[in-house]
Amino acid sequence: MLTHTVQAGRGRPVCILTTDTDCTADRIVWHLDRLGAPVHRMDLADFPQRARLDAAFHDGRWTGYLTTDYWTLPLEDIGAIWWWHPGRPDLDPTGMAPSETAWARDEALAGLVGVLAAVDCFHLNHPSSTRASQAKPDALRQAARCGLAVPATWIGNDPPASIRFTQQAPATVCKSLVAPLLTYPDGTRRSLHTTPVTASDLDTSIARTAHQLQQAIATRYAIRLTVVGSQMFAARIDAHSPAAQADWRSDYDALTYSHTTLPDSVRTGVRRLMRHYRLTYAAIDLLVDDQGTHWFVDLNAAGQHDWIGKELPDLHIAEAIAHLLAHGSAPDQHLLETA
């Protein structure tokens, strides 16, 4: 675990909640150190075995201490919290039945996350904002309300209805509604990429769970848009293989990257969408067709950015995140000027 101590005269500490081995967090820590911001890093998995929480609510706020084997941090001193893919609390199950262990883990998560989310500081992003934005049906609806172009989409488990939707669209793809990754008991993983489908591909297995079908966009190129506060970092992604053209995540070796700009209407729509969910960070996926229409297809409040920063280092995404954490501000102040 990286440890960082508070030095006299430095700003309010930044608390980073992530795994010990997250390389993206390592890069942000490096930039925060350059800015002179004290950093306290831990994983939610450290609690309760390797971390202690002592929190009390009085006079309208939570005060107390968060303590690990390396540091003690007064809650009221925290200037910012960066929620970046932390694990889940890791309990010692000795002497507990499985049901008791599960209950205790839920209690640990509710207690630690609940208190930290209630700390009066800058959150990137606040857990409630992240959760709200992760509901894909609502994200599509809000994106359309904000003026962004959104492909026609069907969600359900009715086989005849799924076939009708597919027959009515010029082309259709199937997409995951949650994480596009399956992990099997033996530890192997399977990626669930965006997949072209036709009516003949659909059968009664549709009824077994909810599925998302979406009008396929005849894509000229994709854009990975990383939003940090009021800044937008747009990277053009050109795909050079059939697999990458269906879903650029399926074949990274067949991609090339370049800088691009966004139409004012798209920037305005993104500002409105970020403001609606009270997000100060997000990774947004756009598809651009031959007519230049920018189609919104995904909003990820905790989307990865390090890989695009390595491909286009002069975007300076990591530096922007570190600066936002070090100087912190509420969404209505820093983010996003009125559209």
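## Helix packing and aromatic pairs

Asp138, Ala139, Gln142 and Ala143 of helix 4 are in contact with Leu273, His276 and Tyr277 of helix 7, contact meaning heavy atoms within 4.5 Å. Sorted by class, the residues of this contact between helix 4 and helix 7 are four nonpolar, two polar and one charged. Ala, Val, Leu, Ile, Met, Phe, Trp, Tyr, Cys and Pro count as nonpolar, Asp, Glu, Lys and Arg as charged, and the others, including Gly, as polar.

The model is predicted: local features need pLDDT of at least 70 and side-chain atom pairs pLDDT 80 or more, while totals for chains, interfaces and linings use all residues. Residues are numbered from 1 along each chain as its sequence is written, and side-chain values use heavy atoms, without hydrogens and water.

Helices (H or I, at least four residues) and strands (E, at least two) are DSSP runs numbered from the N terminus. Axes are lines fitted to C-alpha atoms, for helices over the stretch in contact, with angles from 0 to 180 degrees between N-to-C directions. Angles under 35 degrees are roughly parallel, over 145 roughly antiparallel, 65 to 115 roughly perpendicular, and the rest oblique. A crossing is right-handed if the near helix is turned clockwise from the far one by less than a right angle, and left-handed if anticlockwise.

The axes of helix 1 and helix 9 lie 9 Å apart, at an angle of about 60°. These two helices are therefore oblique to each other, and helix 1 passes helix 9 in a right-handed crossing. Helix 1 contributes Arg27, Ile28, His31 and Leu32 to the contact, and helix 9 contributes Ala318, Glu319, Ile321, Ala322, Leu325 and Ala326. Seven residues of this contact between helix 1 and helix 9 are nonpolar, one is polar and two are charged.

In helix 9 (residues 317-327), Ile317, Ala318, Ala320, Ile321, Ala322, Leu324 and Leu325 are buried. Buried means under 20% relative accessible area, exposed over 50%, and partly exposed in between (1.4 Å probe, protein chains only). Gly328 follows helix 9 and has a positive phi, near 45°.

Arg34 belongs to helix 1 (residues 23-34). Its relative accessibility is 61%, so Arg34 counts as exposed. Arg34 and Ala322 are separated by 288 residues in sequence, yet their C-alpha atoms are 9.4 Å apart.

### A buried strand residue

Thr226, in strand 14 (residues 219-228), has a relative accessible area of 0% and is therefore buried. Beyond its neighbours within four places in sequence, Thr226 is in contact with Gln231, Met232, Phe233, Tyr281, Ala282, His305, Ile308 and Ile317.

### Aromatic pairs

| Pair | Centre to centre | Angle between planes | Arrangement |
|---|---|---|---|
| Trp82 and Trp84 | 5.1 Å | 25° | stacked |
| Tyr252 and Trp307 | 5.8 Å | 75° | edge-to-face |

The second pair links distant parts of the chain, 55 residues apart: Tyr252 lies in the loop between helix 6 (242-246) and strand 16 (255-259), and Trp307 in helix 8 (residues 306-311). Rings of Phe, Tyr and Trp (its six-membered ring) pair if their centres lie within 6.5 Å; planes under 30 degrees apart are stacked, over 60 edge-to-face, and the rest tilted.

Trp82 and Trp84 are both buried. Tyr252 has a relative accessibility of 41% and so counts as partly exposed. Tyr252 and Trp307 form one aromatic cluster together with Trp248 and Tyr257.
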